[in-house]
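Here is a short briefing to read with the model open beside you.

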Amino acid sequence: MKRIRAFGAVGGIGFIADSTMFAVLLMLSEQAMLSRIVAFWMAATVTWYGNRHLTFRDGDKSDKTKQWGKHMLAAHVAGGVNLSVFYFATCWLPMAGAFVLGIAAGLIINYLLASYFVFKPVN
């Protein structure tokens, strides 16, 4: 349970980083999609760092670059799950319900990928 709380806390920090960076980049560039992509990558890097040093500190730390790449892949997969679940859930749920269901699905996938793919325990 401690690991799940730490994962949630790091995710909360990532959300703040994402939202803040998106707002700043959008204000500076007025390019919504570019701002969104760059903010996402920056926030994913923040969560990689936080999860590496807090949530999964007992995991493999041998290759930072490879681990960061795996984290970015996992973040994109989880984001795809989030958006897919949201899209299909809007067929039978109100928008807010579909939004929450998408986030929940993405969060679960992200946690599982982080636990077993990105930060797998050292043998």
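The side chains of Q67 and R52 are joined by a polar contact of 2.4 Å. A polar contact here is a pair of N or O atoms within 3.5 Å; within protein, one must be able to donate a hydrogen and the other to accept it, and residues adjacent in sequence count only if both atoms are side-chain atoms. Please keep in mind that this is a predicted model: local features need pLDDT of at least 70, side-chain atom pairs count only at pLDDT 80 or more, and totals for chains, interfaces and linings use all residues. Residues are numbered from 1 along each chain as its sequence is written, and side-chain values use heavy atoms, with hydrogens and water left out.

- Q67 is found in helix α3; helices are DSSP runs (H or I, at least four residues), numbered from the N terminus.
- Q67 counts as buried because its relative accessibility is 5%; buried means under 20% relative accessible area, exposed over 50%, and partly exposed in between (1.4 Å probe, protein chains only).
- Not counting residues up to four places away in sequence, Q67 touches W48, R52, D60, V118 and F119, where contact means heavy atoms within 4.5 Å.
- K70 also lies in helix α3, and K70 counts as buried because its relative accessibility is 17%.
- Leaving aside neighbours within four places in sequence, K70 is in contact with F117, V118 and K120.

**Salt bridges**

- How many salt bridges does a search of the whole structure find? There are two, each defined as a side-chain nitrogen of Lys or Arg within 4 Å of a carboxyl oxygen of Asp or Glu.
- One of them brings together the side chains of D58 and R3, at 2.8 Å from N to O.
- Because R36 lies in helix α2 and D18 in helix α1, the pair ties together parts that are 18 residues apart in sequence.
- R36 is partly exposed, because its relative accessible area is 31%, whereas D18 counts as buried, at 14% relative accessibility.

**More about R3**

- Is R3 buried, exposed or partly exposed? R3 counts as partly exposed, because its relative accessibility is 30%.
- Leaving aside neighbours within four places in sequence, R3 is in contact with T55, F56, D58 and Y111.
- A polar atom of the R3 side chain lies 3.3 Å from the backbone oxygen of T55.
- The C-alpha atoms of R3 and L101 are separated by 22 Å, and the two residues are 98 residues apart along the chain.

- Several residues of α2 are buried, among them A39, A43, W48 and R52.
- Against which helices do the buried residues of α2 pack? They pack against α1 and α3.
- Helix α4 (residues 95–118) has 24 residues and reaches 32 Å from its first C-alpha to its last.
- That reach is close to the 34 Å expected at 1.5 Å a residue; the expected span is 1.5 Å times one less than the number of residues.
- Buried residues of α4 include A98, G102, A105 and G106, and the buried residues of this helix pack against α1 (2–29) and α3.

**Surface and loop features**

- Y87, F88, W92, L93 and L101 make a nonpolar surface patch of about 570 Å².
- Patches are made of residues with over 30% relative accessible area and no salt bridge: like charges are joined within 9 Å, nonpolar side chains (Val, Leu, Ile, Met, Phe, Trp, Tyr) within 5 Å.
- Accessible areas come from the Shrake-Rupley method with a 1.4 Å probe; for residues, only the protein chains shown count as cover.
- F88 lies in helix α3 (residues 64–89) and counts as partly exposed, because its relative accessibility is 49%.
- Y87 is found in helix α3 too, and Y87 is exposed, with a relative accessible area of 56%.
- The C-alpha atoms of Y87 and A98 are separated by 7.5 Å, with the residues eleven apart along the chain.
- E30 lies in the loop between α1 and α2, and E30 is exposed, with a relative accessible area of 69%.
- Phi of E30 is near 60 degrees, a positive value in a residue other than glycine.

Terms used: Helices (H or I, at least four residues) and strands (E, at least two) are DSSP runs, numbered from the N terminus.
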